[in-house]
Amino acid sequence: MIDTSVVIDLEQLEAGQLPIELAVSAITMAELAAGPHATGDADERARRQDRLQRPEAAFDPLPFDAEAARAHGRTYAAEVANGRKARGTRALDLLIAATACGAGLPFSTRNPEDFESPLGLVDVVAA
């Protein structure tokens, strides 16, 4: 599964930096859907809208289901146990990682340092 950071940079990445099969979380799609509304710049809004529409056409997102919910409890606990913030904007990252964990998929991200605490629960791969 690829993180939102990978989806955003997808066109700049070499094929060898990516898993053979790609999947995204419904949470990633939610982050991308919010993106155009988070800027007042018309050009940036258009770029963000394009970043949303391409993955919408290419992926059938993995839902945040019961397995992901259980995995979220474990990833949240790992964050808190390591003294890291697990709420606010960080919560979305943990929900995405929990979706990968619940589905038993490796998790490719441009920000592997953001997922040090859940390491072991989620196979984090730098993209």
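With a relative accessibility of 1%, F115 comes out as buried (buried is under 20% relative accessible area, exposed over 50%, partly exposed in between, using a 1.4 Å probe and protein chains only). The model is a predicted one, so to speak of local features takes a pLDDT of at least 70 and side-chain atom pairs count only at pLDDT 80 or more, while totals for chains, interfaces and linings use all residues. Numbering runs from 1 along each chain as its sequence is written, and side-chain values rest on heavy atoms, with hydrogens and water left out.

F107 is buried too, at 0% relative accessibility. The count of aromatic pairs is one (ring centres of Phe, Tyr or Trp, the last by its six-membered ring, within 6.5 Å; planes under 30 degrees apart are stacked, over 60 edge-to-face, the rest tilted). F107 and F115 make up that edge-to-face pair, at 4.9 Å centre to centre and 80° between the planes. F115 also has the charged end of R90 sitting over its ring, 5.2 Å from the centre (the rule asks for NZ of Lys or CZ of Arg within 6 Å of the ring centre and within 35 degrees of the ring normal).

Next comes T28, which belongs to helix α2, residues 26-34 (helices are DSSP runs of H or I with at least four residues, strands runs of E with at least two, numbered from the N terminus). T28 is buried, at 0% relative accessible area. Its side chain makes a polar contact of 3.0 Å with that of T4 (N or O atoms within 3.5 Å; within protein one must be able to donate a hydrogen and the other to accept it, and residues adjacent in sequence count only if both atoms are side-chain atoms). Leaving aside residues up to four places away in sequence, T28 touches I2, D3, T4, V7 and I96 (contact means heavy atoms within 4.5 Å).

Helix α2 packs against α5, residues 90-103, at about 145° with the axes 8 Å apart (axes are lines fitted to C-alpha atoms, for helices over the stretch in contact, and angles run from 0 to 180 degrees between N-to-C directions). I27, T28 and E31 of α2 meet L92, D93, L95, I96 and T99 of α5.

R87 lies in the loop between α4 (66-81) and α5, and is exposed at 59% relative accessibility. Its side chain and that of Y76 are joined by a polar contact of 3.4 Å. R87 and Y76 are 11 residues apart in sequence, with 8.9 Å from C-alpha to C-alpha.
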